[in-house]
Amino acid sequence: MIRSIKYGLLLLLPGMLFTAQAADRQDVKCHLITSKGEQIAFYRWDLDKQQLFMARLSGKSLKDARGKRYFIREARECVLLKEAFSSEKARKLDEMALR
């Protein structure tokens with residue numbers, strides 16, 4: 001009986017740890033400069049690693065509606081989903097972005 005309770009707890013523990021880790025992730029929006037122009041993109045990542053993830057965006061490829069590739073040249077600014085961008089141009093792009 002006690003052995004089965006121990007095994008049950010061992011099976012539940014990884015699920016509880018995964019849930020705790022997922023809670024640290026936040027929705028963010030980024031003002032990007034791409035080879036097709038400026039745009040707003042949405043991501044979900046850990047806030048404590050935001051600078052690292054922003055730096056990794058440069059050079060990544062994206063696809064447009066027709067499947068043609070284009071590249072991210074620079075991530076200018078990333079903020080939480082409910083926050084506003086600091087630049088006026090990014091705020092205007094954000095108003096037009098589909099969610």
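**Overall fold**

The model is predicted. Its protein chain holds 3 helices and 4 strands. Along the sequence, these elements follow the pattern α-β-β-α-β-β-α. The protein chain has 99 residues, of which 24% count as buried. Among contacts in the protein chain with a separation of 6 or more, 47% come from residues 24 or more positions apart.

**Strand pairing**

Strand β4 spans residues 69–80 and pairs with β1, residues 25–34. The sense is antiparallel, and the pairing runs over 7 bridges. Within it, V28 has L80 of β4 as its bridge partner.

Strand β4 also pairs with β3, residues 61–63. This pairing is again antiparallel, over 3 bridges. Here L62 stands opposite Y70 of β4. Strands β3 and β4 form a hairpin with 5 residues between the strands. In that hairpin, G67 takes a positive phi near 90°.

**Helix α3**

Helix α3 covers residues 88–96. Which of its residues are buried? They include A90, L93 and D94. These residues lie on the same side of α3, because they cover an arc of only 100° around the axis. A general rule of helix geometry applies here. An α-helix has 3.6 residues a turn, so residues three or four places apart point the same way.

The other side of α3 carries K89, E95 and M96, which are exposed. What covers the buried residues of α3? The cover includes β1 and β2.

**Aromatic cluster**

The structure holds 2 aromatic pairs. Both are listed below.

| Pair | Distance between ring centres | Angle between planes | Class |
|---|---|---|---|
| Y43 and W45 | 5.4 Å | 10° | stacked |
| W45 and F53 | 5.3 Å | 25° | stacked |

Why does the pair of Y43 and W45 count as stacked? Its planes are at 10°, and planes under 30 degrees apart count as stacked. The planes of W45 and F53 are at 25°, so this pair is stacked by that cut-off as well. Residue W45 takes part in the pair with Y43 and in the pair with F53. Together, Y43, W45 and F53 form one aromatic cluster.

W45 counts as buried, at 5% relative accessibility. Y43 is partly exposed, with a relative accessible area of 24%. F53 is partly exposed too, at 22%.

**A buried aspartate**

D46 is found in strand β2, residues 37–46. Is D46 buried or exposed? D46 is buried, yet has no salt bridge. The nearest side chain of opposite charge is K49, 4.4 Å away.

Which residues does D46 contact, leaving aside neighbours within four places in sequence? The contacts are D24, R25 and F53. One of these, F53, is also a member of the aromatic cluster with Y43 and W45. Another, R25, belongs to strand β1, which spans residues 25–34.

Note on methods:
Residues are numbered from 1 along each chain as its sequence is written. This is a predicted model: local features need pLDDT of at least 70, side-chain atom pairs count only at pLDDT 80 or more; totals for chains, interfaces and linings use all residues. Side-chain values use heavy atoms; hydrogens and water are left out. Helices (H or I, at least four residues) and strands (E, at least two) are DSSP runs, numbered from the N terminus. Buried means under 20% relative accessible area, exposed over 50%, partly exposed in between (1.4 Å probe, protein chains only). Lys and Arg count as positive and Asp and Glu as negative; His and the chain ends are not counted. A salt bridge is a side-chain nitrogen of Lys or Arg within 4 Å of a carboxyl oxygen of Asp or Glu. Contact means heavy atoms within 4.5 Å. Two strands pair if DSSP finds at least two bridges between them. The arc is that of the directions from the helix axis to the C-beta atoms. Rings of Phe, Tyr and Trp (its six-membered ring) pair if their centres lie within 6.5 Å; planes under 30 degrees apart count as stacked, over 60 as edge-to-face and the rest as tilted.
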